[in-house]
Amino acid sequence: MKTKPDKKLSISKTDYKVARSCAAKLYYRMNKYPSTKEEDEYIELLAEGGYMIGAIASLLFADAVLVDEPDHDKAVAMTQEYCKQENIVLLEAAFESKGKFARPDILIKQGDALTLIEVKAKSFDSGEENPLRGKRGGIASGWLPYLEDITFQALILRELFPQSSLTCELMMPDKTKTTAIDKLHSLFALNQIAEDDSGYPRARFTFTGDVDELRRSHFLTRITVDSEVGELLPEVSAAAEVFIKSLNPLTKLPVPISFACKDCEYRVEDELKNGFHECWGALADPDPHILELYYGSQVKEVQALIEAGKTSLYDLPESALSKKDGSMGPRAQRQLIQMRNSKSKTEWIEPALGDILASHAYPLHFIDFETSGLAVPYHAGMRPFENVAFQWSCHSIETPGAEPIHTEWINLEDAYPNFAFAESLMHQLGRSGTVYMWATHENSILKQIRSQMNGRHENAKLQDWLDWITDGRLVDMNDLTLKHYFHPVMKGRTSIKKALDAVWQSNEGLRKRYPQYVKEKDGKLLSPHKSLPPLEIAGQAAVVNEGTGAITAYQAMLYGPQAMRSQWKHLLLEYCKLDTLAMVMIYWHWQEKLNKK
């Protein structure tokens, strides 16, 4: 994003990617509209291992030269000088052509032969046959953004070096590979994360390990994508030309509004500059909104209503949910419940839920896990994106009416934690009673740990217990919510945070019982997760109240300054504890409502 006043605006590859998701967003990005991605973008990318994958890739090229210059024009000039050399490997070189700008991760120049390498922290399985293509031979939709990314860069290089041959490659973590290097994360120290004046994110790491060993035991794979780039080049070129023309003068490209706008990052509340509102105008105002409908994208009539200028949830006729024969599937039934109870502003709980809960034997255990499956494996023998389970929380109610007892476990050592995690959980839960989870994550993790034990950990008792508990014995409270409970506050969602917020606002008894979570902002009652108190760490207020933050906190606890690790541990414990207490609160609320009925 080139914005110096003495030159025309140019489009970076990041600008291009934003514009391809929605052309109107390019206008908002260039004008620096508030975005929901602003606060989370860097943390999330770091948590996913994206920057670290880039650092590992750069270390694989011993003689590579880093174009370490944040200034747009200076970086382009430096790159031009480097490219006069016959043979060179450049990292973060800067190229500009016809209003397009990019800084390729790696460029190999050998005479007139160029190799462009784009590094991605995307899972790749080299054992699959042609994973970039779908069953009919077309480019798989999941790979399209990555392939358009490298195609945009290839377009620039072809314009600048028309006489050179160009090979395009993606370099990614390969799930079929493992690393022999233990505690790999601890060998990287993050020095800085910043943007250059073109909006290109720049991260700098110091690697304290053995570089030669890393080169022998890395887990990245290079794949040639020349065919895909050639196929996409005309479309990418045409789209880029349209976007560039809209920059000078800066003009918002017209885009029809649709249900896809639901998750627009420029849908920022309480901001004067709200891109979503500018696109939708008065159609953004109805409450409840048609965009809040559960799986609304699957209802054909929704888009027709939007195009007709009707965006209230109440504008949708109930008949739109029925099949041709008049019947309704489970999804439509949930939509109908949402529409009717939102309109009447009533809470809905199906009496059948009472029979289900009554059939569950005591003690009742409510469990929640915190896990991390990053691109960079934590420990020797692990594959990219393989999960480590580093924390669990459990609230147990031994008998009807008894107070919940809280137990917890957290890994504090930079060592493979999964088997100790599972063994401690087995000792806590045993084989009696009922175990609740929210959604299926906990069951999936326990199955993964059971699979990881094969050939790596001998414990027959644990293996038998994992087989037993994952054989349909965990009760999914999210599924119970979906089938038997609705509150207008939840709108079209059933996450634990949405369900807790609903019962928290409507159940005064819970607020009296847990006053430590009662907090207001601007006269509005906050949800318990937003009420978690922050701690000052390194001069900044830190809080953990969602999953990505938990992964970041775990890494800070293991690899950050020693003096701050206990603070990160405290934040992690408080967050996970609240998740299982939330399940207890929701369970109690259900029981209270059912008993009244």
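**Strand pairing in a predicted model**

Colleague: In this predicted model, which residue in strand 6 stands opposite Val-89?

Modeller: Val-89 stands opposite Ile-108 in strand 6.

Colleague: How do you know that strand 3 (residues 87–91) and strand 6 pair?

Modeller: Two strands count as paired if DSSP finds at least two bridges between them, and strand 3 and strand 6 are joined in the antiparallel sense over five bridges, so by that criterion they pair.

Colleague: What makes strand 6 (residues 106–110) largely enclosed by the rest of the structure?

Modeller: Buried means under 20% relative accessible area, and four of the five residues of strand 6 are buried, so the strand is largely enclosed.

Colleague: What do strand 6 and strand 7 (residues 113–119) form, and which residue in the turn has a positive phi?

Modeller: They form a hairpin with two residues between the strands, and Gly-111 in the turn has a positive phi of about 65 degrees; the two strands pair in the antiparallel sense over five bridges, with Ile-117 in strand 7 as the bridge partner of Ile-106.

Colleague: Turning to the open sheet of five strands with the order 15-14-13-16-17, why are strand 15 (405–410) and strand 17 (474–476) called edge strands?

Modeller: The sheet has mixed pairing, and strand 15 and strand 17 are its edge strands, in that each pairs on one side only; the twist averages 25 degrees from one strand to the next.

Colleague: How do you know that strand 14 (residues 388–397) and strand 15 pair?

Modeller: The requirement is at least two bridges, and strand 14 and strand 15 have six, in the antiparallel sense, so they pair; here Trp-392 stands opposite Trp-409 in strand 15.

Note on methods: Residues numbered from 1 in each chain as written. Predicted model: local features only at pLDDT ≥ 70, side-chain atom pairs only at ≥ 80, totals over all residues. Heavy atoms only, no water. Axes fitted to C-alpha atoms, helices over the stretch in contact; angles between N-to-C directions. Buried < 20%, exposed > 50% of the residue type's maximum accessible area, 1.4 Å probe, protein only.
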